[in-house]
Amino acid sequence: MSIADNIKNLKIETGAGVTLLAVSKTKPAADLQQAYDAGQRLFGENTVQEMVEKYEQLPKDIQWHLIGHLQTNKVKYIAAFVTMIQSVDSLKLLHEINKHAEKAGRVIDCLLQIYIADEETKFGLGFDEAIELLRSEEFAMFKNIRIRGLMGIATNTDNQKQIKEEYYELKTFFDGVKQSYFRKVDSFDTLSMGMSADYKLAIEQGSNMIRVGSTIFGNRIIKHWKNN
Ligand SMILES: *Cc1c(COP(=O)(O)O)cnc(C)c1O
């Protein structure tokens, strides 16, 4: 099936309450253009370099989401155009995003990436660390970032029960954080969980943004050595 068909089918399957982020890492700009022509506007990349290259080549109304680990010294390359940084995993990184967003005269939407997997190679804040960050004085000072919600990556396993539990825990945590820190903040509304192999499970557990790569664009030949 074509990229356009894959997107159409995913949208029918997932329904209106779930936002589809097309994860285009390692794929050529021509593939993204096909998705764009099918109406897709949200794209996810996991490296700054690829995102910048594709941003330069493709239509300017694309909304770019960074989903891979972000080094503080690279924030400056995307601050002027990135729509959302889903992989915020430290206060130091938030500080840097806030600084460059201010320079660019923008407010950048962010998700806190929460560590839910049973794998040491994955990035993310632990539940306690996320709470600590949200309670910190420094966080309260940031004017140029807006926390839109949470993101999580489940363990890469065939064990459905384990994945379901990890997503359930993240949804429960999301509800708690919303209640305690963002009760009156309507823009805290995004729970990004679910990829090609497990998006159905993730939606069942309350995801409202799925990040789908291979189901749209086909398998990736180049396997990235980190962040999948
Ligand atoms: C690669 C990637 C995805 C998409 O993976 P697929 O299995 O191809 O759907 C989703 N989220 C993150 C963080 C990724 O790095």
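Colleague: Which residues do the ring pairs link into a cluster?

Modeller: In this predicted model, ring pairs link Phe174, Phe182 and Phe188 into a cluster, and the count of aromatic pairs comes to six.

Colleague: How do you know whether Phe43 and Trp64 are buried or exposed?

Modeller: Buried means under 20% relative accessible area; Phe43 has 0% and is therefore buried, and Trp64, at 1%, counts as buried too.

Colleague: What makes the pair of Tyr55 and Phe81 stacked?

Modeller: The planes of Tyr55 and Phe81 are 15° apart, with 3.8 Å from centre to centre, and because planes under 30 degrees apart count as stacked, the pair is given that name. Tyr55 lies in helix H3 and Phe81 in the loop between helix H4 and strand S4, so the pair ties together parts that are 26 residues apart in sequence.

Colleague: Why is Tyr55 called partly exposed?

Modeller: Its relative accessible area of 24% falls between the 20% and 50% limits, so Tyr55 is partly exposed, whereas Phe81, with 11%, is buried.

Colleague: How do you know that the charged end of Lys60 sits over the ring of Tyr55?

Modeller: The charged end of Lys60 is 4.7 Å from the ring centre of Tyr55, which meets the distance limit of within 6 Å.

How values were computed. Residues numbered from 1 in each chain as written. Predicted model: local features only at pLDDT ≥ 70, side-chain atom pairs only at ≥ 80, totals over all residues. Heavy atoms only, no water. Phe/Tyr/Trp six-rings, centres within 6.5 Å; stacked < 30°, edge-to-face > 60°. Buried < 20%, exposed > 50% of the residue type's maximum accessible area, 1.4 Å probe, protein only. Helix = DSSP H or I, 4+ residues; strand = E, 2+ residues; numbered from the N terminus. Lys NZ or Arg CZ within 6 Å of the ring centre and 35° of its normal.
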